[in-house]
Amino acid sequence: MSLLLQGEDMIDQLARAHMSWGLGSADRWGLDQTTGLVTWTFPDKTATAPAQVLGSFSPSSGSWVWAWANKSILPELSHDARRVRDWAEAHGHQALAEPQIDADEQVAATFTALAVRVTEATGFYRGSGGNAMVMITFGPVTLAMADGSTSTFDININ
């Protein structure tokens with residue numbers, strides 16, 4: 001239970017910290033599996049970061065699918081999801097090691113919080129697209145401003 005609370009707290013801290021550069025207010029976002037980068041586009045800048053996919057939640061089917069079990073996710077983008085699976089198997093949490101689980105939004109949030117804590121993620125994004133929400137962890141963010149200047153936003157909440 002404490003891992004879950006720690007994960008929920010981490011997500012809150014990460015959300016507050018990343019709001020400083022605009023996370024949550026982008027005009028659009030995208031994930032390029034070939035480069036492993038998630039990109040957020042704003043009127044005055046773009047933000048990119050190396051990304052990992054934890055899993056996806058489909059409200060319509062009521063299911064959670066871990067990225068390592070999703071054939072549409074390249075293996076390079078499911079390292080974090082596999083870390084959670086390996087941790088779950090080593091600690092006797094078999095439900096977290098199942099490829100697909102019946103889930104509502106609360107279960108998906110619980111899995112995500114545990115995954116963020118287990119992987120010690122420094123960024124978290126819940127991307128919507130189509131009929132599913134994709135749960136993504138990400139690393140240092142590179143901000144490219146319209147004037148050509150760049151900066152990096154990195155966080156350590158441990």
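The lining of the largest pocket comprises 11 nonpolar, 1 polar and 3 charged residues, where Ala, Val, Leu, Ile, Met, Phe, Trp, Tyr, Cys and Pro count as nonpolar, Asp, Glu, Lys and Arg as charged, and the others, Gly among them, as polar. The model is predicted: local features need pLDDT of at least 70 and side-chain atom pairs count only at pLDDT 80 or more, while totals for chains, interfaces and linings use all residues. Residues are numbered from 1 along each chain as its sequence is written, and side-chain values use heavy atoms, with hydrogens and water left out.

The volume of the largest pocket is about 270 Å³. A pocket here is an open set of points on a 1 Å grid over the protein atoms alone, where a 1.4 Å probe fits, with protein on both sides within 12 Å along at least five of seven lines; lining residues have an atom within 4 Å of a point. The volume is the space filled by probe spheres set on the points, which are joined across faces, edges and corners. Of the 15 lining residues, I11, T112, F124, R126 and M135 are the closest to the pocket centre. Helix 1 (2-18), helix 3 (105-119), strand 6 (124-129) and strand 7 (132-138) each give two or more residues to this lining, and helix 3 provides the largest share, 5 residues. Helices (H or I, at least four residues) and strands (E, at least two) are DSSP runs, numbered from the N terminus.

The aromatic pairs number 8; rings of Phe, Tyr and Trp (its six-membered ring) pair if their centres lie within 6.5 Å, and planes under 30 degrees apart count as stacked, over 60 as edge-to-face and the rest as tilted. The W29 and Y125 rings are edge-to-face because their planes stand at 70°, with centres 5.4 Å apart. This pair joins distant parts of the chain, as W29 in strand 1 (residues 28-32) and Y125 in strand 6 are 96 residues apart. W29 is partly exposed at 25% relative accessible area, whereas Y125 is buried at 14% (buried is under 20%, exposed over 50%, partly exposed in between, with a 1.4 Å probe and protein chains only).

Finally, E120 lies in the loop between helix 3 and strand 6. Its phi is near 50°, a positive value in a residue other than glycine.
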